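The sequence and the coordinates are shown first, and the description follows.

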2 protein chains.
Amino acid sequence: MVLNICCHASVFTSPPSKTHLQTHLDTIMTDSNTKTETQVDAETKKETIETGDNEKNNIEAGDDEKKSTEKTTTTTADKDKKSTETAGENEMRAVVLNGFGGLKSVKIVKRPIISPSSLADGEVLIRVQLCGVSFQDVMVRQGVTEAPPKTPFILGFECAGVVEAVSDDVEGFKVGDRVVALPDHRAWAELVPVSAKYVYQVPETMPLQEAAAVTQSYTVAYLLVNQLANVTKGQTVVLHSAGGAVGQAVCALLKEIGDVTVVGVASKNKHEAIQSTVTHLIDRASDVHAEVRKVCPDGVDVVFDCQGGEECNRGYNLLKPLGRYILFGSSSIVTGETKSILNVVKSWWQVDKVSPLRLYEDNKGIIGFNLRRLLHHQPGGEERVRNVVQEVFRLWQSGVAKAHIDSTHALEDVTDAMTKMHERKNVGKLLLDLSMEPRPRPVTPAKSKKEEKEKDKDKGSVDKTGESTDKEEKSEKESKEGQEEEVEKSEEKKSEEKDDSLRI
Amino acid sequence: MVLNICCHASVFTSPPSKTHLQTHLDTIMTDSNTKTETQVDAETKKETIETGDNEKNNIEAGDDEKKSTEKTTTTTADKDKKSTETAGENEMRAVVLNGFGGLKSVKIVKRPIISPSSLADGEVLIRVQLCGVSFQDVMVRQGVTEAPPKTPFILGFECAGVVEAVSDDVEGFKVGDRVVALPDHRAWAELVPVSAKYVYQVPETMPLQEAAAVTQSYTVAYLLVNQLANVTKGQTVVLHSAGGAVGQAVCALLKEIGDVTVVGVASKNKHEAIQSTVTHLIDRASDVHAEVRKVCPDGVDVVFDCQGGEECNRGYNLLKPLGRYILFGSSSIVTGETKSILNVVKSWWQVDKVSPLRLYEDNKGIIGFNLRRLLHHQPGGEERVRNVVQEVFRLWQSGVAKAHIDSTHALEDVTDAMTKMHERKNVGKLLLDLSMEPRPRPVTPAKSKKEEKEKDKDKGSVDKTGESTDKEEKSEKESKEGQEEEVEKSEEKKSEEKDDSLRI
């Protein structure tokens, strides 16, 4: 396996000599070493408000008996009290990522409020009411996105609210405007300063919740369907993650085109909810390629793939002549709750590289799309996206673009939303509503330290890796002066990835 | 160099294990061995009518003193007489390729006429009036297209004429219909049987000459501009071979879209003729990448490339975010008058393979387009092309699609047209008109055998390769019983390719 990776890697390093992906791989492989204990400490000691994620701290079955250091020292009743605690007058709530990894790295913290005087040139300060949660947030948490900020930082790419203040040099926005914003991280807080380049006026008739649910997902969908794939009547489309917010937006836009056969791929549990939005439904756990062939023996005109990895190779072969394979995500990188280097490598290197001359022979096209890179890192991206957002708002006003909201959660319940996203259980958009009360925690008796130690011993034989090598978590543990070290040792042992022996 | 090629080849053979390109490379490397002398003999002995290409037989300067075996035994006056000779009652003229190679492999021969009774199921017999000549014909002659027929065969992909007979099972065509056809080879003859799948009714108001000039070039252009690139107002486009028939058709369609900046790449000699059709003009002999950057420092939205080879790598880097690189030809394979294995290998293997994940990061797309493969070898291709041809005829009727005719030649002057194409001197379409008289040949005294032998001795020191290894030509020579062997020895020594030591 190692030999195989090396072979591919050497191909990869021929021109272009070093891509973003590689730079990023370097980054994530060194990140945990560069993070200081002080950073982690500052986040976890006093500021932390409990997230309501006790029973969600580990998504693998059988792990719910584990508690974090703090949790074992307080009762559930205490925690509920703490989780509803609001920030003081000079404080605001924010969702902070303490280190790349699992759900327990996600904390609700109190931060000093951002004063209008601290706004940088070109910025707008938004008092946030709603936030969007997307699969990319799960990927950021795991540290598998390109060039993430150094932890700790505030998570989130989408928020909607009211303009609280405007930098002197900003035109087009005034205090009180209802806006939606797509900043580069740091959207999940009560007050968010965002460059005006990424802020959009919400139409008068549009509720903020609709803006929060529609803006990002339909912007992606519109670019995919109308500008990149250029889908026309009579065509056949394969749509991965058909049940997600973007997937449902793509379905709505394809319906508007009319006479498009949509083969949706989604987890079985979503099928009932979305079957009316697609022509055929395929279980994501099945042999998707074979199932698509059953309903479309001649192949398809477009594949919309947000998974990447091996799906790229298979998806290309499904295309009819003049077909286009559109890769707009790489969620296959995520398997277990925390990142696996092996899976990252597999996902990036197992994709067949394609010669343009092969595309010429096959009459096929491959198109990549990455909204975040376009919007935040590429010249002209802001204008392109702004034009599409305007178009999306028009489509909303005409009834074509509709909010597909799965559920709305309190900020303190952010890990509920992230878990639902990770487990691919959401149908449509997941939102955080900052005015919502956190859901009540189930009252369960706290387990004694002794009981847990015994359980961990039993688990030792199951955990083939022997000990956790998650350096970030280790670093956190060390900062807590060695308390309850055993508690976290057997985390993530039931990763979906069976050959996952390499973890960081 | 060999090591380098091997290295790339090994990468190429990883999945997909064997592409058409490779199959083809095998084919062309063995083709000359499998061709029998009898085949060549049959074509060259009695049937041959002289093509009017004496002075064009070698496009390199300084080669015009060489004559073929037959030519040295007849006077130019004799030849003119022969070249205007028409086929007898039971015979028809056809342009036959005797073996892959240079212009002298192209012969006008007399063939028995095709009788309606010999039509296969689904075929239409066309009495041809006009033929189109494209760059692909030059590539076929050299044997650098995929899976060409075994020589000898009739050349040509485009013809226009009147239906002479229709197979019983064919619907939609009747004797006397004016049609244009895009068969898979074998279009350049007085009578051509074509599967009805590749035959199109010419609109009543459309002269056949217009149909011959417009059909193929606008069909390609329409698919490129409107279906693959989906060019919209305000975009910027790089167009290689802007002066060719397809290039000029692309310009016309882009003009119809409006507000498109077109950076045309063409040989300097065409600039004056085409400057009104593009926004900027770049000399094809210059550093195209650098020149495009001068006029479009931010990059471009679309690159239309019909050259392939290294241009692919450079073209990709010119793209703006959300840009598309469209490869619709691989003419860089052709350099000298006959094929060079080294150049074929270079053109196919020097193209960087691209990972879909890189496209995802870059927000770019690569799309291949190959009309012949689509139309003749891919499911659904006939319908796709037929629909576009109908659209092209509508565009002609509305004045958007216009014939861009460079020149019209007699069938006997086919090598004039091929040379002009090869030297990239045509602006717009090259046509053959079967009713045209061949142009008069210049009267030059025939050189004596002795004179030529002496010249060849002198050339020996210039020709570094020592001796021709062009096996097909060798095979032809052997079939002519060793006459005048020396005459052809120093052919093609001034190839554009300086490191061209490998030839077949």
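A residue is called buried when its relative accessible area is under 20%. In this predicted model, A:L411 has a relative accessibility of 0% and therefore counts as buried.

**Chain A as a whole**

Chain A contains 18 helices and 17 strands. Of its 504 residues, 61% count as buried. Among the contacts in chain A with a separation of 6 or more, 74% join residues 24 or more positions apart.

**Loop residues of chain A**

A:L411 belongs to the loop that runs between strand 16 (405-410) and helix 16 (414-422) of chain A. Its C-alpha atom is 8.2 Å from that of A:A94, although the two residues are 317 residues apart in sequence. Not counting residues up to four places away in sequence, A:L411 touches A:R93, A:A94, A:V95, A:I108, A:L432, A:D433 and A:L434.

A:C306 is situated in the loop between strand 13 (300-305) and helix 11 (310-317) of chain A. A separation of 8.3 Å is found between the C-alpha atoms of A:C306 and A:I326, which are 20 residues apart along the chain. With neighbours within four places in sequence left aside, the contacts of A:C306 are A:H240, A:S241, A:F328, A:G329, A:S330 and A:S331.

A:N363 occupies the loop between helix 13 (356-362) and strand 15 (364-368) of chain A. Neighbours within four places in sequence again left aside, A:N363 is in contact with A:K320, A:P321, A:L322 and A:G323, and also with residues of chain B, namely B:G368, B:F369, B:N370, B:R373, B:L374 and B:Q378.

| Residue | Relative accessibility | Class |
|---|---|---|
| A:L411 | 0% | buried |
| A:N363 | 0% | buried |
| A:C306 | 12% | buried |
| B:C159 | 2% | buried |
| B:C251 | 4% | buried |

**Helix 16 of chain A**

How many of the nine residues of helix 16 of chain A are buried? Eight of the nine are, and the helix is mostly covered. The buried residues are A:V414, A:T415, A:D416, A:A417, A:M418, A:T419, A:M421 and A:H422. Their cover includes strand 2 (91-97), strand 3 (106-112), strand 4 (123-133), helix 6 (135-142), strand 16 and strand 17 (429-433) of chain A. After helix 16 of chain A comes A:R424, which has a positive phi near 55°.

**The pair formed by helices 7 and 8 of chain A**

Helix 7 (residues 208-228) and helix 8 (residues 245-257) of chain A have axes that come within 8 Å of each other and cross at roughly 50°. Helix 7 of chain A is therefore oblique to helix 8 of chain A. The crossing of the two helices is right-handed. On the side of helix 7 of chain A, the residues making the contact include A:Q216, A:V220, A:L224 and A:V225; on the side of helix 8 of chain A, they include A:A245, A:A249, A:L253 and A:I257. By class, this contact has 14 nonpolar, four polar and no charged residues.

**Cysteines**

The structure holds zero disulfides over all chains. B:C159 is accordingly in no disulfide, and the nearest cysteine sulfur, that of B:C131, is 5.9 Å away. B:C159 counts as buried because its relative accessibility is 2%.

Key. Residues numbered from 1 in each chain as written. Chains lettered and ligands numbered in written order. Predicted model: local features only at pLDDT ≥ 70, side-chain atom pairs only at ≥ 80, totals over all residues. Heavy atoms only, no water. Helix = DSSP H or I, 4+ residues; strand = E, 2+ residues; numbered from the N terminus. Buried < 20%, exposed > 50% of the residue type's maximum accessible area, 1.4 Å probe, protein only. Contact = heavy atoms within 4.5 Å. Axes fitted to C-alpha atoms, helices over the stretch in contact; angles between N-to-C directions. Parallel < 35°, antiparallel > 145°, perpendicular 65-115°, else oblique. Left-handed = near helix turned anticlockwise from the far one by under 90°. Nonpolar A, V, L, I, M, F, W, Y, C, P; charged D, E, K, R; others polar. Disulfide = S-S within 2.5 Å.
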